[in-house]
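Please read the points below with the model open beside them. They go from the whole chain down to single residues.

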Amino acid sequence: MSPPEVTKIVGPALLGEGPHWDHDSQALYYVDLPGSTINKYVPATKKHTTVNIAGGHVSLVIPLEGTKDKFVIATGSSIAIMTWNGESSTPADVKYVYSVNTEKDAHNTRFNDGKADPTGRFWAGTLPSDIGSLSEPIPEVGTLYSFSNDWNATPQLSKIRISNGMAWTEDRKIMYYIDSMTKKIYSFDVDVKSGHISNKRTAFDYETNGVEGYPDGMAIDTEGKLWVACYNGSKVIRVDPTTGKLLSQIAIPALQVTSVTFGGSQLDELYVTTGNLNLSEEEQKMYPLSGFIFRVTGVGVKGYPGQAVKL
């Protein structure tokens, strides 16, 4: 079998993040987090549209099930419902539904990665608003929340430094989660009805397996294996969360690899977001494609379509 092929498709962004494949429209959505934009890219036509969002860093975009123009987004410390036709440079409406500032122990945090689980329940986690270099100490003030249909937030995990990737098994019984600074992927048992998670254990350890960089966003394939972006590691890895072993890795021509999602008409392509944030002159020369979005073909497995949020 030929090795996977990595192709630059769109960009660059300052910090591309949160890729979501909408299978119905065959479109890729992603954000430029510090650029405060939401992006839509249609591979069939190569059309790229961008909408600007006021209010700070935009960290995620997920379609709202049963609609064609509504999305759940996170901007700064708030969650909102955005109405957007996919064409205009400004949204038709942004209705804020939740702010982490209302939590008494919220500290000074903002939202980062988020996803809908296989039941359509929305999850999102926080990190310090003033995060600097990853080489500096980062306080454990982040929280991972799950949300009810009326936007009540349930704290599921606390004392997090950088809340990042999430994935669930097809039977919905196990959740995988990343706090990037631990350099580990954790697994939890899930109460399918309530969404409550318990029995935390390590599914994969970067340091034990000699993997460079920090785990960031991730996706799960139909074989139950995880595909994980390596921030400051210039690659995507495939791991077995049941054995804790590294299975394979794909080099990406950008240092800051931020997240991955499966897409394409057969869900057998991997879309990879990257960043171009505060790189040194030497790093810019080494990775001139930093910030671009890449498509990886020939990965040999399939994934799942992006899950919309159900309300």
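1. Basis. This is a predicted model, in which local features need pLDDT of at least 70 and side-chain atom pairs count only at pLDDT 80 or more, while totals for chains, interfaces and linings use all residues. Residues are numbered from 1 along each chain as its sequence is written, and side-chain values use heavy atoms, with hydrogens and water left out.

2. Secondary structure and form. The C-alpha trace spans about 50 × 45 × 40 Å along its principal axes.

3. Of the 311 residues, 56% count as buried (buried is under 20% relative accessible area, exposed is over 50%, and partly exposed is in between, with a 1.4 Å probe and protein chains only). Among contacts with a separation of 6 or more, 48% join residues 24 or more positions apart; a contact means heavy atoms within 4.5 Å.

4. Charge. There are 28 positive and 34 negative side chains, and the centres of the two sets lie 3 Å apart. Lys and Arg count as positive and Asp and Glu as negative, with His and the chain ends not counted. Each charge is placed at NZ of Lys, CZ of Arg, CG of Asp or CD of Glu.

5. Cores. The largest nonpolar core has 18 residues, and those with the most contacts inside it are V72, I79, Y98, F111, F122 and F147. Elements that give two or more residues to this core are β6 (58-63), β7 (70-75), β8 (78-83), β10 (109-116), β11 (122-128) and β12 (142-147). A second, separate core has 17 residues, including F262, V272, V296 and V299. A nonpolar core here is a set of buried Ala, Val, Leu, Ile, Met, Phe, Trp, Tyr and Cys residues joined through side-chain atoms within 4.5 Å.

6. V272. This residue of the second core lies in strand β23 (residues 269-275). V272 counts as buried because its relative accessible area is 0%. Leaving aside neighbours within four places in sequence, its contacts include V236, I252, V257, F292 and V296. A116 is 156 residues from V272 in sequence and 19 Å away in space, C-alpha to C-alpha.

7. Backbone points to check. A cis peptide bond joins G11 and P12, with omega about 5°; P12 lies in the loop between β1 (5-10) and β2 (16-22). W151, in the loop between β12 and β13 (153-160), has phi near 70°, a positive value in a residue other than glycine. W151 is buried, at 10% relative accessible area. N232 also has a positive phi, near 65°, and sits in the loop between β19 (226-231) and β20 (235-240). N232 is partly exposed, with a relative accessible area of 31%.

8. E207. Is this residue buried or exposed? E207 counts as exposed because its relative accessibility is 58%. E207 is in the loop between β17 (197-205) and β18 (214-220).

Terms used. Helix = DSSP H or I, 4+ residues; strand = E, 2+ residues; numbered from the N terminus.
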